[in-house]
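The following exercises concern the architecture of a single protein model. Please work through each task before reading its solution.

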Amino acid sequence: MTYVVAIDQGTTSTRAMIVDVQGLPVASGQLEHRQYFPQPGWVEHDAGEIWRNTREVVGIALSHADITRHEMAAVGIANQRETVVVWDRRTGEPIHRAIVWQDTRTQDYVDRLAKDGGTDRFKSLTGLPLATYFSATKIAWILDHVAGAKERAVRGELLCGTIDTWLVWNLTGGPDGGVHATDVTNASRTLLMDITTLQWSEEQLELFDIPRVMLPEIKASSALYGSIESSSLLREVPIAGILGDQQAATFGQAAFDKGDSKNTYGTGNFLIVNTGDELVASRHGLISTVAYQREGQPPRYALEGSIAVTGSLVQWLRDSLGLFENAADIETLAMSVDDTGGVVMVPAFSGLYAPYWRPEARGAIFGLTRYATRAHIARAALESVAFQSREVIEAAQADTHTSIPVLKVDGGMVANELLLQLQADIWGKPVVRPRVMETTALGAAYAAGLTVGFWQDTEQLRGLWHEDSRWEPSISINDRAVRVAQWHKAVTRTFDWVE
Ligand SMILES: Nc1ncnc2c1ncn2[C@@H]1O[C@H](COP(=O)(O)OP(=O)(O)OP(=O)(O)O)[C@@H](O)[C@H]1O
Ligand SMILES: [Mg+2]
């Protein structure tokens, strides 16, 4: 056995990557899927399309590499988190489009529940604030709005799950004996799991009125889930690891131990700081989450700074404002000016997540004068990514009483070197990019490979991490302080926008 296959089912696309024992990608396939925005604040995916794309990208990767399933030791899955699918156990058909993590349609569920105890009422039980972001209210919404769904769910006719669960069930046979399971990292994003016992909380299920029979079994991240069904190109290959995409990137960055961290720049940004065996309750607006769990071992926890809008801001500038043609063009455009000309942009499109958790905030561009051009706006957009990241890094340092020495970065946006320079400038410490930037897929491969003995231990995996490039801060402390203060002023002015 010479390879592991990783499936990275993301918010905008699905990738398959074949990884060798050195942790290097040998081939990959990638397909985008359609984003549905049926109403303001609503975001949906077609789960059937995601499943078809998954099979197709695996085929593309295998044919590019010209290898067969006989050389595959295991399959690992990383997935967009919190997004939910509810489907018919007998036909395998979803009863509604998947409701995506960014979707805010359930704000009234949140407001209703927050009346009794505020948005922190589930924090000690689940590690999470009460927010539309997490899965629970999305499942409840589907059960409430699809005719007959609640009754069918109670009768055991419906299954639900996050995207990992949807894929594993389909990969292992679907209606024909499919395995209905999820991993602890995904389960820790639902508001339904007790983060200490790592089991579904009966109390939460009752509160959200979600029948227990719909839910998957919670397993360790690095564990055997089942074998791939017989009509697949990967038939009989074991699925041996699942991690939510951000936890997968943490794993792929070899951030296995307490104090290790990474920041991923994708659709949104997600800082994760490993807190080891310790479940740290944040006092600075971060969430507590499971970093990973290996079979038979205790879980590792993490603090997470989740930022809703970063790469999707670049997409918005491209698609909705038409400022440039390709995402990568933002770098040249932003580099055509020396600074933002006083423009500050706060992309609170879905309210603000960490560290503020202000659902009623909305996006704004400040400091406009006739001097401002699209180049200044492009540059301000990149700076907003760096400012938002700085805030969650500061919060993590305050929560853990430690200092993060360098920032390990990854994700689609880190191809943008101007962004990484701005990040080093605005944060004030070095930013480091690893050789393999596809850390999400890599982490899924690592989790699966460890289970089947393809790799021996995390020490071996740590040895596979290599630095590619590094950016050092290049502005004065004073300059930084002025810009940070201005950013902060702008952020607070987006609060309380929606009544
Ligand atoms: N050169 C670039 N400069 C700035 N932003 C970029 C650049 N290249 C890609 N992006 C942005 O990065 C994002 C894609 O990154 P990535 O593929 O890591 O996202 P993701 O959140 O992991 O997506 P998915 O959920 O589909 O995996 C897009 O939002 C895109 O706008
Ligand atoms: Mg991704």
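**Exercise 1.** Which residue of β14 does G76 stand opposite?

*Solution.* This is a predicted model, in which local features need pLDDT of at least 70, side-chain atom pairs count only at pLDDT 80 or more, and totals for chains, interfaces and linings use all residues. Residues are numbered from 1 along each chain as its sequence is written, chains are lettered from A and ligands numbered from 1 in the order in which they are written, and side-chain values use heavy atoms, with hydrogens and water left out.

Step 1. Helices (H or I, at least four residues) and strands (E, at least two) are DSSP runs, numbered from the N terminus. Two strands pair if DSSP finds at least two bridges between them. Strand β5 (residues 72–79) is joined to strand β14 (residues 238–244) in the parallel sense by five bridges.

Step 2. Within β14, the residue opposite G76 is G241.

**Exercise 2.** Determine the strand order of the open sheet and identify its edges.

*Solution.* Step 1. The six strands follow the order β3-β2-β1-β5-β14-β13, and their pairing is mixed.

Step 2. β3 (25–32) and β13 (222–227) each have a single partner strand, so one side of each lacks a neighbour in the sheet.

Step 3. From one strand to the next, the twist averages 25°. Angles run from 0 to 180 degrees between N-to-C directions, and axes are lines fitted to C-alpha atoms, for helices over the stretch in contact.

**Exercise 3.** Is strand β6 buried or exposed?

*Solution.* Step 1. Buried means under 20% relative accessible area, exposed over 50%, and partly exposed in between (1.4 Å probe, protein chains only). In β6 (residues 84–88), five of its five residues are buried.

Step 2. V84, V86 and D88 lie on one side and V85 and W87 on the other, so that both faces are covered.

Step 3. β6 runs antiparallel to strand β8 (residues 158–162), with five bridges between them; V84 has T162 as its bridge partner.

**Exercise 4.** Describe how α12 and α16 pack.

*Solution.* Step 1. The axes of α12 (residues 374–400) and α16 (residues 477–493) come within 11 Å and cross at roughly 90°.

Step 2. Angles under 35 degrees count as roughly parallel, over 145 as roughly antiparallel, 65 to 115 as roughly perpendicular and the rest as oblique; α12 and α16 are therefore roughly perpendicular.

Step 3. The contact (heavy atoms within 4.5 Å) includes F387 of α12 and W487 of α16.
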